[in-house]
Amino acid sequence: MAAPLTVVLIVAVTVRACLFRSSLADLIAERVEVVSPLNAWKRVVEGLALLDLGVSPYSGDVFHETPLIIYLFHFLVDYAEITFMLADVITAVALYYAVQDYNTQVLRQQKFALEAERLPLDSLELIRSPRQMYYIPLKVAMVYLLNPFTVLSCVAKSTCGLNNAIVALFILSTIKKNALLSAIFLALSTYQSIYPVTLCAPAVLYLLQRQYIPVNVRWASFWWFLLQYAFMYLGSLFVIICLSFFLLGSWDYLPSVYGFILSVPDLTPNIGLFWYFFAEMFEHFRLFFLCVFQINVFFYTIPLSIKLKEHPVFLIFMQLAVISIFKSYPTVGDIALYMSFLPVWSHLHRFLRNIFLVSCVLLACSALFPVLWHLWIYSGSANSNFYYAITLLFNVAQILLVSDYFYAFLRREHHLTYGLYLKRKDGSEATLVLK
Amino acid sequence: MAARRNIPVGLLFILCSLTFLIATNTHETTSTSEHPDKAVNLPEKSTETGGQTTEQPAVEERQWEPTEFQEETVNDAAAEKQDATPPETTTTSAGAHPKDDFQEELVIRPLQSGDVYASFQFRTLWETDFMKGNKVSHYRLFPKSLGQVISKFSVRELHISFTQGYWRTMQWGQPFMPSPPGAELWVWFQDSVTDVDGTWKELTNVLSGIFCASLNFIDSTNTVQPSASFKPLGIGNVTDHRFLRYATLPREIVCTENLTPWKKLLPCGSKAGLAVLMKSEKLFHSSFHSQAVHIRPVCQDSECTTTSWELRQTLNVVFDLHTSGQGKREWSLFKMFSRTLTEACPLASSSKIYIDITDNPQGEQFELTPATHLLSQAVVLGDRRTFSVYDLTEANTFGSMRSLNLLIRWKSSEGDMLRPLLHAERYVAGYGLQTGEIHTLMYNYHPFRSFPILLLDSVPWYLRLYIHTLTVTSKGKDNKPSYIHYQPSKDRVRPHLLEMLVQLPPNSVTEVTVQFERALLKWTEYTPDPNHGFYVGSSVISALVPSMVAMDTNNTKERPLFSSFFPCKEESSYFVRIYTEPLLVNLPTPDFSMPYNVICLTCTVVAVGYGSLYNLLTRSFQIEEPNPRLAKRIANVIRRLRGVPPLA
């Protein structure tokens, strides 16, 4: 199993290395779809240059990376390409092992269910065989590494790749039942871009599940574990924040990094929903809509974790997707992370309703982004509405994709309990509807 | 021009009534000076009465001015009454008060390009002390409006200029008073000021009213604190640049409404003296127009025991007489200003006209009439120049005609201009609306000496500069600046400030490039004509340039040999400040017509996301039971009433 993974890794690294050496690298690094003001490599270099001039990088509005990133690239700036390739490799390997472990988990649960004869007879069709699942981890790693979005993101040296690596390590340590490492990596990814804080819900649910502690407010062990995890998480977050304070000796980075993420002052176009909305917003409604849009990102955590408390890994996938759609400065690197999970849910394909349409729209939009950007910015024959329209469509397609997977997942769960071929009272074939 | 709206209405009213009053009072004078043919025929007596009438409104103007600031100085009411004493006492006491002094001067330099450069300077010196907080309430020659501004806002130095057009250094040489296109304001505050930013904000608003200009548009987004480029020009060695504020408005359009309040600051107004020549329809029909006010403390004597305030009002105009004169190269005061001079300002201690005749020592280039025997030599901007001097305080200057109309007629158009040693230009490179690059080219034409220059760039926040892309190259080699002061911008708060000390090698071009990214702004932040582009103020280049005089190594014919081995120190270099062109940069624009559509569409997409997730979260899967038809349902209701089992 290690051999195909190695081959994939070598291919991925080769592709990246070739692109780094080609003239395309500069072109890709300027693309607004690939880099955002938050993670552009140009701005990291600018921050280091400001530091060299003796100016605090946070005194201006160009640099929005965290102090740890400065510290990291202070040493690694000459090896940036290797660093980013390494980050992608780490993400892929972490996802590989995480998914492998998750799959054995799934198989074991399935075996228990079969032995207990809990499954209806006609839903045996839905049972997943180890043979089918054998290549899923490899597919995950391959989808992440060879996804054009990831390749572009890596070649543009977007620090999004580093954030993805941290999130992947968090997923790995959670699935490997290591609560401490999970809390540390979660704190680290929160520190990098706030939004992953919502991943604490699936992490806690998964760890509880694996330790056979029921999610029940009346159980003391539930609270005890919750307290432990919260303590580890907040403790490591506190340590990281204090560490960054001591690195630069000032708290300037807090408004410059987190204030920037939350208040969206930079309206540079990207693939998200924020930029044009807030460029065209009436000034007195600005704060209101800012709150609505930001709450929107965090809000789904609660209902999703209630609905999916038995399936924390799918919850992680849903959370990652919601974050990458609704976050304030999304890039294609964020999309690549949740897309790499799609092979894990390959057994849901029979229940997907509009996967063909959605994948066509996603492909078409990805091709149209650079075209309409060129028409607006360079040839001047289109205006901002063209690019905006394509971001809208792209986001609708992503939403449809995610909700389709969510629908399929829920439907499969329903069938696993009630049987695949449902019948009406009168014995005729029934159709399932949401009510 | 919309900026002019917030001029206080009261001030406007006073202005109108004042101009009306002046117009009625001086009807006689204007008519005499407008028709020089008549003035020639007028007997001596009428000129004298003309002189008296010009004096009177001038005095009246001084009485009127303080009322503009009545709301500020309630305590000064008594002083104003003093000021309003009969005009004859004020005029006669001119000699009794040695405390203030007024000088006026006009320098005319025929430029090699065929244009004519006219530079007016009016200097009011006042021996008083605003600094120690004592209330100064008695004003004579110094304009009260400015005096109150200085004392109220604790200003130590104030420099303001309004310029229309761009000074073409390569065709016209160096100006006496450089200024960037648009409005420029820089102020040094006294170190007693605690809230410098607040004071600066108030000061710009007050100056906006005084000069009828859009200076109220100066806010933190276009104000910088240069660390090295703008040093105090007056006495005092406080160099803490916390007390310095510098701002430019490159888009400011200068016109008559800025000239009128400027002229009102003169002791004689535009009634007498050189200011008579300032007719706006002529001054603004020119290639370049720049008016400025400089206030600074200066030493009264060589020991500097007492200080006095100097108010220097300058007006620089370049007339394009070559094209308007149908190819004939000649000019006269009348042709330039449609006026002639009949007298000096009676309040002036000195009133002179200088004509630059350096290129014409033997009179072979042009002919100057009336001729004068008075000559003056001065080293101006590192170059020894010769001037013909006309002293307006002497009666014989005006000759038998009682009016002075200087006239120059060219004989040949040969000769070449002394090329300025330092020259700079700037442009934006790149295409598209995403990124760009600012190129600043600085030329050192000195054949063998290199000299350092200070480059100051203030770039608005919406062009995000990337300082790591800064390159300085001269002669194809990297030229590392020995000093860089960079302050990055804050969105919607402050601009970028870049100051560099660069050594310019001899006879070279030094190119400074820096890349920027164009920001997309909120739709309310664009100007009413967003596709016109956004202005970026001129770069300021301050330099100590080696003097031409010192450059002249075999200059042995004038000086004895023993004095000329080492170059004379005080003449070896001179200070020059040059301004580059302002830039016009296009930014990407949103569609201004559809905020509602965008809000609706984006919210719809968010609602699609919310709706589909909400749907899946709150509902559960159920088997769809077919709905009985309506007729069946009604039949069932009836059957139930009848007590019969319902239909299946």
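Which residue takes a positive phi in the hairpin of β18(B) and β19(B)? That residue is B:K475, with a phi near 55°, and the hairpin has two residues between its strands.

## Ground rules

This is a predicted model, so to speak of local features pLDDT must be at least 70, side-chain atom pairs count only at pLDDT 80 or more, and totals for chains, interfaces and linings use all residues. Residues are numbered from 1 along each chain as its sequence is written, chains are lettered from A and ligands numbered from 1 in the order in which they are written, and side-chain values use heavy atoms, with hydrogens and water left out.

## Around the hairpin

Pairing takes at least two DSSP bridges between the strands. B:T473 has B:D478 as its bridge partner in β19(B). β18(B) also runs antiparallel to β22 (residues 508–518) of chain B, and eight bridges join them. In that pairing, B:R464 sits opposite B:E517.

## The five-stranded sheet

Chain B also has an open sheet of five strands, ordered β20-β21-β17-β24-β25, with antiparallel pairing. Its edges are β20 (483–487) and β25 (573–579) of chain B, each pairing on one side only. On average, neighbouring strands of this sheet are turned by 15° against each other, direction ignored; the axes are lines fitted to C-alpha atoms (for helices, over the stretch in contact), and angles run from 0 to 180 degrees between N-to-C directions.

Within the sheet, β17 (residues 451–459) and β21 (residues 496–504) of chain B run antiparallel and are joined by nine bridges. Look for B:V459 opposite B:H496 in β21(B). As a rule, side chains in a regular strand alternate between the two faces of the sheet.

## Two helices worth a look

Helix α7 (residues 144–152) of chain B is mostly covered too, with seven of its nine residues buried. Among the buried ones are B:L146, B:G147 and B:V149. Just after α7(B) comes B:S154, with a positive phi of about 50°.

Over in chain A, A:N164 is found in helix α9 (residues 160–175). A:N164 counts as buried because its relative accessibility is 4%. Leaving out residues up to four places away in sequence, A:N164 touches A:T91, A:Y144, A:G333 and A:L337, where contact means heavy atoms within 4.5 Å.

Chain B is divided into domain 1 (100–410) and domain 2 (422–585), with bounds from an automatic or database domain assignment. Their C-alpha centres lie 25 Å apart. The contact takes 30 residues from domain 1 and 40 residues from domain 2 of chain B.

About 2,700 Å² is buried between these domains, and carbon and sulfur atoms give 58% of that; buried area is the accessible area (1.4 Å probe) that two parts lose on being put together, summed over both. B:Y166, B:S229 and B:R251 supply 21% of what domain 1 buries against domain 2, more than any other three residues.

The rule finds one salt bridge across this interface, a salt bridge being a side-chain nitrogen of Lys or Arg within 4 Å of a carboxyl oxygen of Asp or Glu. The side chains of B:R251 and B:D529 meet in a salt bridge, at 2.8 Å from N to O.

Definitions and conventions. Helix = DSSP H or I, 4+ residues; strand = E, 2+ residues; numbered from the N terminus. Buried < 20%, exposed > 50% of the residue type's maximum accessible area, 1.4 Å probe, protein only.
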